[in-house]
Amino acid sequence: MMKKYLAVLLSGAMLLGAVSMTGCGSSSSSGSGDAAKEETASDSGDSEEASGGGGDNLAESKDMLTSAIDSVMTTDNHKMMDAGSTFDVPEAEGTAEELDKLDDSDSAKWHFYEYLDWDEAEDAEFPASPADGQNGKHVILIVHGAHAWTTCYQEAFEQACDAVGMTVDVYDPNWDQSTQDGYVDQAINEAPDAIVVIPVSADHAAQQFKKITSAGIPAFCSNTLPEADAMNFILAYTGPNDWYQMRNLADNLGEQLGGEGGVCYITHNVGTSPYYARTFGPMSELADKYPNIKSLDYQSPGFEAAAVKQVVSDWITKYGDDLNAIVLADDSDQAIGATEACEAAGRDDIIIVAAGISKQGAELIQGGKMYGASYQSCQADAGLAVRTVSEYFNGEDIARVSYIGTDIITKDNVEDFLPCQW
Amino acid sequence: MSEVNNKPKTNTAKVDTRKEEISKFSLIFNKLGIYVVVVLLIIIGMIVSKGSFFTASNIQSILEAVALIGMVASGLTFVTYSGNWVDMAIPLTMAAGGMLTVQTINLGFIPALLIGIATGALIGLTSGFMIGKFRANAIIWTWGFNLLLSGVIRFVWGGKQLYADQVANDSEYAQHAANTFFSISRTYIGKYISLMAIVMILMMVAAWFIHTKTKFGQELKIVGTNYEVAKYSGINCTKVMIIVYVINGITASTAGIFFSALRKTSSYENGTGYDFSCLTAVLLGGCLMDGGKGSVVGTFGGVIAYGILNNILSWIGLGTYEKYLVQGVVFLFIVWLNTYSNRKLGKA
């Protein structure tokens, strides 16, 4: 009997200890939006005090940001926090339902996939910038999942935050939507100064960002294009312009083909935003600009070199000399599979281009096995997100959508993009 | 009394009518198994490819595409046969094999290769011991072990990819080892015969020999059919399970090494999805999930059927969604045929 009482007392003591240590149940972390903001304000006040007052902190923050923009470099020696670019959104040629009936090679069909064309009148009320500087602010970054790319992005994000005086906590849901939803809730409860999310799924992003914005926390979306309606709850999106860079690559390919030939496409994972951008971007661009170039087939064997090799080998046997070029959604495993299939078949005349750039892709370009790849900097992606968040804290006007810079990498300039970032 | 005994027992007579119900097809399918399907697929392939199916390049393409799956499936057959369904740690066993090979490439190609393979054997040994000795649930243990390995690899290498040419130091010996490592997945004998495909076939032959011609193979048959009977027959079931998982670990890590060489990089995500794609091949080959039935020859047929089907679907030019649909239907049909013919013959 005595043992039971002792056990109950011990458990109670442990529970009390845990509550007092974690601060659960205290009014300051009740989880409500207002309480969260109060805590944030108090935290910000502390950081201002530490750095010598609001005005001084803002000036110091701006100096730090300017210095970081000039000095923080990517591993391939480009500026990590370069300014983003914006694009005008053209008028859609119909409703989403009407456009969906168009042919895959018609650019107009992909309007709502290509552009974040949202109704700004429906925008939520975003939290106003404190305009007191980013120095001392705390950001939570919620990535989509573990991958070498993500590791590279995360490290660059931390490096950029460090350079501008912000602290960051990173949550990794390992590609699981419900885990990411849980992390969004957790992040809101922790009341950081801002939350940056790389959504696991574009069509689930609106709910996540709505929660964050409703809690009065500035919400930023990075890298993965959300569905357009999610922008009503997102202060700013930063990331690559996949459509633009793939159209650019297709233009280059069209020139190389002399405006004639047959092209096949290996896609990204079906249904993701890169799937549409990297398949139908180049396909519709070639159809617009080079009517004599025929799109023969597109397949989604995934990202395994052996599977891609089989598909490309089958294409070579099936289409023979009608196959003149291949567009790949990835310049690592897909490129290895495609180039080796061409090599095995003795078809070094097939022009291969891909979205990039990985170490494997760069080596294939250097070795002349792949013609070119688009340049999409992982570290600049992180750098632009940190720059945008910083500018928001500094009270500057920020673009709702801004894209990182891009380029076409060929044998002539590949050395300018080495060593590869991941 | 004698009159009673001489009366024919018309109402109580029990006649086994199953044999009459057995269709010829069930008998043929049960004997030839997946190879009936392989022949059918080849015929379809010849039709849709308009005569190009049997070209050297197409055969090479099919074999090379299934080489890695075949390597893993040759070992997984033992796990499924033993009644332990599948090894969920296959992805990280493959990844670990590749990571350790690349990490130790400075020691030379052969030592690094052996270290990679030994890593798989060690992982298999641990799983075999836990499942054999402590009767840990095979799915839960291997799933948990996979998570553990994933954490260890991510922690040790910081979630980054490992490139053999970067790991190799500046010495000519190390760079040569790195180049040899890259070349193993790109070596062809006589232009069309890929080294990967040859290794896969050799591994299948070795697995077939172990399964059918050794004492271990005979003991495994009893363990897979009825663990308790095997135990009370004096068979060291723990030892059998350990050998099963060690074989499986070796085949998975070998495939992982080829996989890394093909990708030119090692990372913790190498091998993702191989647990189920290889199980598909094993089940297509006629193995029962409950164990005690199946063969390495059948698994080889399952692997080939897997490759030919993908080849045919590419020839037809089906879209991605349609491909998934057809693959699903064909795989379910083959598994149903296996189950149906086994039931008809009273084997399941």
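Modeller: Helices (H or I, at least four residues) and strands (E, at least two) are DSSP runs, numbered from the N terminus. This is a predicted model, where local features need pLDDT of at least 70, side-chain atom pairs count only at pLDDT 80 or more, and totals for chains, interfaces and linings use all residues. Residues are numbered from 1 along each chain as its sequence is written, while chains are lettered from A and ligands numbered from 1 in the order in which they are written.

Colleague: OK, which residue in β2(A) is the bridge partner of His138(A)?
Modeller: Thr167(A). Further along, Ile142(A) stands opposite Tyr171(A) in β2(A). Strand β1 (residues 138–142) of chain A and β2(A) run parallel, joined by five bridges.

Colleague: And what's the strand order in the open sheet of chain A?
Modeller: The order is β2-β1-β3-β4-β5-β11, six strands with parallel pairing. At the edges sit β2 (167–171) and β11 (401–403) of chain A, each pairing on one side only. From one strand to the next the twist averages 20°.

Colleague: Which helix packs on the sheet, touching β1 and β2 of chain A?
Modeller: Helix α6 (residues 148–164) of chain A does, and its direction makes about 160° with that of β2(A). Helix α7 (residues 177–190) of chain A also packs on the sheet, touching β1, β2 and β3 (194–197) of chain A, at about 175° to the direction of β1(A). Contact here means C-beta atoms, placed from the backbone, within 7 Å. The angles run from 0 to 180 degrees between N-to-C directions, with axes as lines fitted to C-alpha atoms, for helices over the stretch in contact.

Colleague: Why is β1(A) described as largely enclosed?
Modeller: Because four of its five residues are buried. Buried means 20 or more other C-beta atoms within 10 Å of a residue's own, exposed means 12 or fewer, and partly exposed is in between, with C-beta atoms placed from the backbone.

Colleague: Switching to α13(A): which of its residues are buried?
Modeller: Lys359(A), Gln360(A), Gly361(A), Ala362(A), Glu363(A), Leu364(A) and Ile365(A). That's seven of the eight residues of helix α13 (residues 359–366) of chain A, so the helix is largely enclosed by the rest of the structure. Those buried residues pack against α12 (333–344), β9 (351–355), β10 (372–374) and β12 (408–410) of chain A. Just after α13(A), Gly368(A) takes a positive phi of about 75°.

Colleague: How is chain A divided into domains?
Modeller: Into domain 1 (63–85 + 117–240 + 378–405) and domain 2 (243–375), with bounds from an automatic or database domain assignment. Their centres, taken over C-alpha atoms, are 31 Å apart.

Colleague: Now the contact between the chains: how many residues from each?
Modeller: Chain B gives 27 residues and chain A gives 25 residues. On the chain B side, α5 (56–65), α15 (237–263) and α17 (296–316) are the elements giving two or more residues. The largest share, five residues, comes from α5(B).

Colleague: Is Ile201(B) buried, partly exposed or exposed?
Modeller: Partly exposed, because 17 other C-beta atoms lie within 10 Å. Ile201(B) is in helix α12 (residues 195–213) of chain B.

Methods:
Contact = placed C-beta atoms within 7 Å. Pairing = 2+ DSSP bridges.
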